[in-house]
Amino acid sequence: MPARSNIWFGLLIGVSCILIGFALSTMAYRYRYLHVPGGGLIDRMNHELNLTPAQSDRIADILRDTRFKVMQARQDFVHRRHQLFWQGMTDIRGILTPDQQKIFDRDFTRPWEHHGHHDNGEGDDQLPSEQGAPSPAPSPAS
């Protein structure tokens, strides 16, 4: 009989955990600690502000336009960051001796090609080959 009471005790604990989880999640939604999945900004505005259909359409247009502007600003930022990075690399290369420049060109201007890294677009200062690294300065004639 002790095994049977352990089963009932386990079931009681399991059901209690489910009920407590349900109660906590209900309170979190009610007090807006959690938001209903899939409820977009326009849906929330419609619900809370009682928007007219014309207002809802205009807000959707504004949000679409704003999303485009934000994406463009992000692309501009990434492009400018790459330009600044490569300008810095060019400046560094400019203060090196010709022998140091050879090592720099081999090991630092395109490190992902030599060390197995790839451009992942996640914040690394790595440019596609068409934008390229700083071009090596011609070595002075000896």
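What share of the contacts in the protein with a separation of 6 or more comes from residues 24 or more positions apart? I looked this up and found 38%. I took contact as heavy atoms within 4.5 Å.

**Ground rules**

I noted that this is a predicted model, where local features need pLDDT of at least 70, side-chain atom pairs count only at pLDDT 80 or more, and totals for chains, interfaces and linings use all residues. Residues are numbered from 1 along each chain as its sequence is written, and side-chain values use heavy atoms, with hydrogens and water left out.

**Overall make-up**

I found five helices and zero strands. Along the sequence the pattern reads α-α-α-α-α. Helices are DSSP runs of H or I with at least four residues, strands are runs of E with at least two, and numbering starts from the N terminus.

I then checked burial. Of the 142 residues, 13% count as buried. Here buried means under 20% relative accessible area, exposed means over 50%, and partly exposed lies in between (1.4 Å probe, protein chains only). The protein exposes about 11,700 Å², and carbon and sulfur atoms supply 62% of that area. The areas come from the Shrake-Rupley method with a 1.4 Å probe; for residues, only the protein chains shown count as cover.

**Helix 1**

I picked A28, which lies in helix 1 (residues 2–30). Is A28 buried or exposed? A28 counts as buried, because its relative accessibility is 11%. I set aside residues up to four places away in sequence and found that A28 touches Y33 and L34.

I42 lies in helix 2. At 22% relative accessibility, I42 counts as partly exposed. I42 touches S56, I59, A60 and L63, again not counting residues up to four places away in sequence.

Beyond its neighbours within four places in sequence, S56 is in contact with I42, N46 and L51.

The loop between helix 2 (41–49) and helix 3 holds N50. I noted a positive phi of about 50° at N50, although N50 is not a glycine. Most residues other than glycine have a negative phi. N50 counts as exposed, because its relative accessibility is 61%.

**Helix 3**

I tested the length of helix 3 (residues 53–94). At 1.5 Å a residue, its 42 residues should span 62 Å, and the end C-alpha atoms are 61 Å apart, which agrees. The expected span is 1.5 Å times one less than the number of residues. I listed the buried residues of helix 3: S56, I59, A60, H82, W86, M89 and R93.

R93 lies in helix 3. At 5% relative accessibility, R93 counts as buried. Its C-alpha atom is 9.1 Å from that of T109, 16 residues apart along the chain.

**Helix 3 against helix 4**

At what angle do helix 3 and helix 4 (residues 98–107) pack? I read about 150°, with the axes 9 Å apart. Axes are lines fitted to C-alpha atoms, for helices over the stretch in contact, and angles run from 0 to 180 degrees between N-to-C directions. The two helices are therefore roughly antiparallel to each other (angles over 145 degrees). M89, I92 and R93 of helix 3 meet Q101, F104 and D105 of helix 4.

Note on methods: Angles under 35 degrees count as roughly parallel, over 145 as roughly antiparallel, 65 to 115 as roughly perpendicular and the rest as oblique.
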